[in-house]
Amino acid sequence: MRSTEVPRPEPLLRVKNLVKHFPIKGGVFSRQVERVHAVDGVSFDIAAGETLGVVGESGCGKSTTGRCILRLIEPTSGEVWFDGRNVTAMGKDELRALARDMQIIFQDPYASLNPRMTVGSIIGEALTIHKLHQGPGEYRDRIAELLTLVGLNPDYMRRYPHEFSGGQRQRIGIARALAVNPRLVVCDEPVSALDVSVQAQVVNLLEDLQDKLQLTYMFIAHDLSVVEHFSDRVAVMYLGAVAEIAPAKSLYANPLHPYTEALLSAVPIPDPQVKRTRIKLEGDVPSPVRPPTGCRFHTRCPIAQFPLCSTERPALEESSPGHFVACHFRG
């Protein structure tokens, strides 16, 4: 884990006030009647070689943020900078070239692999698109190398996805992402669809690959226990906004935002002698179609004060070195 006292290097990825609204259309003429505020002013950065864990409840905008960074979804506004280049201003040709540096591992290993393609074709497709091989022999050798890298038999390149378990399919997805030697990999809940016994194996594999290939990860998850030992820093999202971002050790030892406290209180502790008070949040998560004014969390917050929290949105400010929180009373 990176110490909070060491100055952080210039970030490889910088996200500035990222916004993504999805239109809701209705009526005879299919006019826009509402908007889903999926991502609403998200900012963070990731240094080269770092793992940033992004956590929060389902529907908080984690995956949408990751896909906007890669331009798989077009952001409504904001900026994404990768290695000094403005990703949000790039044309199609520039984005195609950038795909060699930025890749994604999808959540569902059953839906993300084409069932009509062999494993070799799935992994090798990017090699052909980016012209990264000189002939059939080099093409097969590279696919065999990638399968070995993720712990699979090179002979599997002739098989089809339906012949593999969920964990094996996710390894194939990882091999596909690594085929073009990326520098940044967005891991979009890569273990949430897997059995608990397999999750640790995939997380350990990702850690080993990061050390071996000098990768940078944005690791999206809804389970804080999964990212605790894997991430250098953790960003907590709620209803399209970042509530808190801090080094992992600092966040788990001293959570500042009430929402982070509630999330951590729900994480199971394996030691039966250790007691933890569960913080139960009142009410449901508000609709992203009509998010609350002011602080997004004020409708469920146990320390909210009115009218401040319901009218003024708190800025994400640094409370201690490297520890940022968006709260009027915890900064």
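## Basis of the values

Because the model is predicted, local features need pLDDT of at least 70 and side-chain atom pairs count only at pLDDT 80 or more, while totals for chains, interfaces and linings use all residues. Residues are numbered from 1 along each chain as its sequence is written, and side-chain values use heavy atoms, with hydrogens and water left out.

## Overall form

The protein chain contains 10 helices and 12 strands, where helices (H or I, at least four residues) and strands (E, at least two) are DSSP runs numbered from the N terminus. The radius of gyration of the protein chain is 21 Å, close to the 20 Å that the globule rule gives for 331 residues, so the chain is as compact as a globular protein of that length; the radius is taken over C-alpha atoms, and the rule is 2.2 Å times the number of residues to the power 0.38. Along its principal axes, the C-alpha trace spans about 70 × 60 × 40 Å.

Buried residues account for 50% of the 331 residues in the protein chain, with buried meaning under 20% relative accessible area, exposed over 50%, and partly exposed in between (1.4 Å probe, protein chains only). The protein chain exposes about 16,400 Å², of which carbon and sulfur atoms supply 49%; these areas come from the Shrake-Rupley method with a 1.4 Å probe, and for residues only the protein chains shown count as cover. Among contacts (heavy atoms within 4.5 Å) between residues at least 6 apart in sequence, 64% join residues at least 24 apart.

## The largest pocket

A pocket is found on a 1 Å grid over the protein atoms alone, as an open set of points with protein on both sides within 12 Å along at least five of seven lines, whereas a cavity is a set of points where a 1.4 Å probe fits but cannot get out; lining residues have an atom within 4 Å of a point. The largest pocket has a volume of about 670 Å³, a volume being the space filled by probe spheres set on the points, which are joined across faces, edges and corners.

Its lining comprises 21 residues, and those nearest the centre of the pocket are Leu72, Ala99, Gln103, Ile129 and His130. At least two lining residues come from each of helix H2 (92–98), strand S6 (102–105), helix H3 (119–129) and helix H5 (166–178). By class, the lining has 13 nonpolar, 4 polar and 4 charged residues, where Ala, Val, Leu, Ile, Met, Phe, Trp, Tyr, Cys and Pro count as nonpolar, Asp, Glu, Lys and Arg as charged, and the others, Gly among them, as polar.

## Enclosed cavities

A search of the whole structure finds 2 cavities of 30 Å³ or more. The largest cavity has a volume of about 60 Å³, and of the 13 residues that line it, Cys295, Cys301, Cys309, Cys327 and Phe329 are the closest to its centre. The lining of this largest cavity has 10 nonpolar, 3 polar and no charged residues.

The second largest cavity holds about 30 Å³ of space and is lined by Glu57, Ser58, Gly59, Cys60, Tyr238, Leu239, Tyr259 and Val285. These residues divide into 5 nonpolar, 2 polar and 1 charged.

Phenylalanine 106, in the loop between S6 and H3, counts as partly exposed at 26% relative accessibility. Leaving aside residues up to four places away in sequence, phenylalanine 106 touches Arg67, Ser112, Gln170, Arg176, Asp188 and Pro190.

Leucine 256 is placed in the loop between helix H8 (248–253) and helix H9 (258–265) and, at 12% relative accessibility, counts as buried. With residues up to four places away in sequence again not counted, leucine 256 touches Glu244, Ser319, His323, Val325 and Arg330.

## Backbone geometry

Most residues other than glycine have a negative phi, and most peptide bonds are trans. Aspartate 83, which is not a glycine, has a positive phi of about 50 degrees; it lies in the loop between strand S4 (77–82) and strand S5 (85–86) and is partly exposed, with a relative accessible area of 41%. Asparagine 181 also has a positive phi, of about 55 degrees, and sits in the loop between H5 and strand S7 (184–188), where it counts as exposed at 53% relative accessibility.

The peptide bond from phenylalanine 306 to proline 307 is cis, with omega near 10 degrees, and proline 307 is located in the loop between H9 and helix H10 (308–311).
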